[in-house]
Amino acid sequence: VQLLASGGGLVQAGGSLRLPCAASGRTKYVMGWFRQAPGKEREFVAGISWSGGRSHYADFVKGRFTISRDNALNTVYLQMGSLKPEDTAVYYCAAANAFGSALYKDYNYWGQGTQVTVSS
């Protein structure tokens, strides 16, 4: 599977962004979003099952971010709201074979990342 994340940009604190991740090739995977800020480890943000019926989130985004997918378009979305400066990072989409992991080692395929910058 090939993954292409987009939608990043500069937004003010309190604002919103939606990040799409388009998949091609074999696409029947669990999908996730991770992020990495400068000098920090890559961290899990959200994951969604193949059907879209199950999702899980990191505590720091619960109530602010929503992950969803449209399998007809082979696209996964991360809707981000109430953005904070600490959300500034490169955001990556990734594919896994099993639902429920927040560990980057369990995700086999990665997109190239898209930069999100939140100004205060």
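**A disulfide, a sheet and a cavity**

Reader: Which hand does the link of Cys21 and Cys93 have?
Author: The link is right-handed, with 65 degrees about the S-S bond. The two cysteines sit in distant parts of the chain, 72 residues apart. Cys21 belongs to strand β3 (residues 17–24) and Cys93 to strand β9 (residues 89–96). Keep in mind that this is a predicted model.

Reader: Why is the link of Cys21 to Cys93 called a disulfide?
Author: The cut-off is a pair of cysteine sulfur atoms within 2.5 Å. For Cys21 and Cys93, the S to S value is 2.1 Å. That value is within the cut-off, so the pair counts as a disulfide.

Reader: How many disulfides does a search of the whole structure find?
Author: The search finds one.

Reader: Are Cys21 and Cys93 buried or exposed?
Author: Both are buried. That label requires under 20% relative accessible area.

Reader: What makes Leu73 count as buried or exposed?
Author: Exposed means over 50%. Leu73 has 53% relative accessibility, so Leu73 counts as exposed. Leu73 lies in the loop between β7 and β8. Its C-alpha atom is 8.6 Å from that of Ala23, and 50 residues separate the two along the chain.

Reader: In what order do the strands of the open sheet stand?
Author: The order is β1-β3-β8-β7, four strands with antiparallel pairing. From one strand to the next, the twist averages 15 degrees.

Reader: What makes β1 and β7 edge strands?
Author: Each has a single partner strand, so one side of each has no neighbour in the sheet.

Reader: How do you know that β1 and β3 pair?
Author: Pairing needs at least two bridges between two strands. Four bridges join β1 to β3, so the pair qualifies. The two strands run antiparallel. Within this part of the sheet, Ala5 stands opposite Cys21 in β3. That is the Cys21 of the disulfide.

Reader: Why is strand β4 (residues 30–36) described as largely enclosed?
Author: Six of its seven residues are buried, so the rest of the structure largely encloses β4.

Reader: Which strands does β4 pair with, and over how many bridges?
Author: β4 and β9 pair over seven bridges, in the antiparallel sense. Gly32 has Ala94 as its bridge partner in β9. Five bridges join β4 to strand β5 (residues 43–48), again antiparallel. There, Met31 has Ile48 as its bridge partner.

Reader: How many cavities of 30 Å³ or more does a search find, and what volume has the largest cavity?
Author: The search of the whole structure finds one. The largest cavity has a volume of about 60 Å³. Rolling a probe the size of a water molecule over the atoms shows where empty space is left.

Reader: What makes a residue part of the lining of the largest cavity?
Author: A lining residue has an atom within 4 Å of a cavity point. Residues listed for the largest cavity include Ala23, Met31, Trp50, Arg69, Asp70 and Val76. Strands β7 (65–70) and β8 (75–80) each supply at least two lining residues.

Reader: How do the residues of the lining divide into nonpolar, polar and charged?
Author: Four are nonpolar, four polar and two charged. Arg and Asp count as charged, so Arg69 and Asp70 fall in that class.

Terms used:
Residues numbered from 1 in each chain as written. Predicted model: local features only at pLDDT ≥ 70, side-chain atom pairs only at ≥ 80, totals over all residues. Heavy atoms only, no water. 1 Å grid on protein atoms, 1.4 Å probe; cavity = no way out; pocket = protein on both sides within 12 Å on 5 of 7 lines; lining within 4 Å. Points joined across faces, edges and corners; volume = space filled by probe spheres on them. Buried < 20%, exposed > 50% of the residue type's maximum accessible area, 1.4 Å probe, protein only. Axes fitted to C-alpha atoms, helices over the stretch in contact; angles between N-to-C directions.
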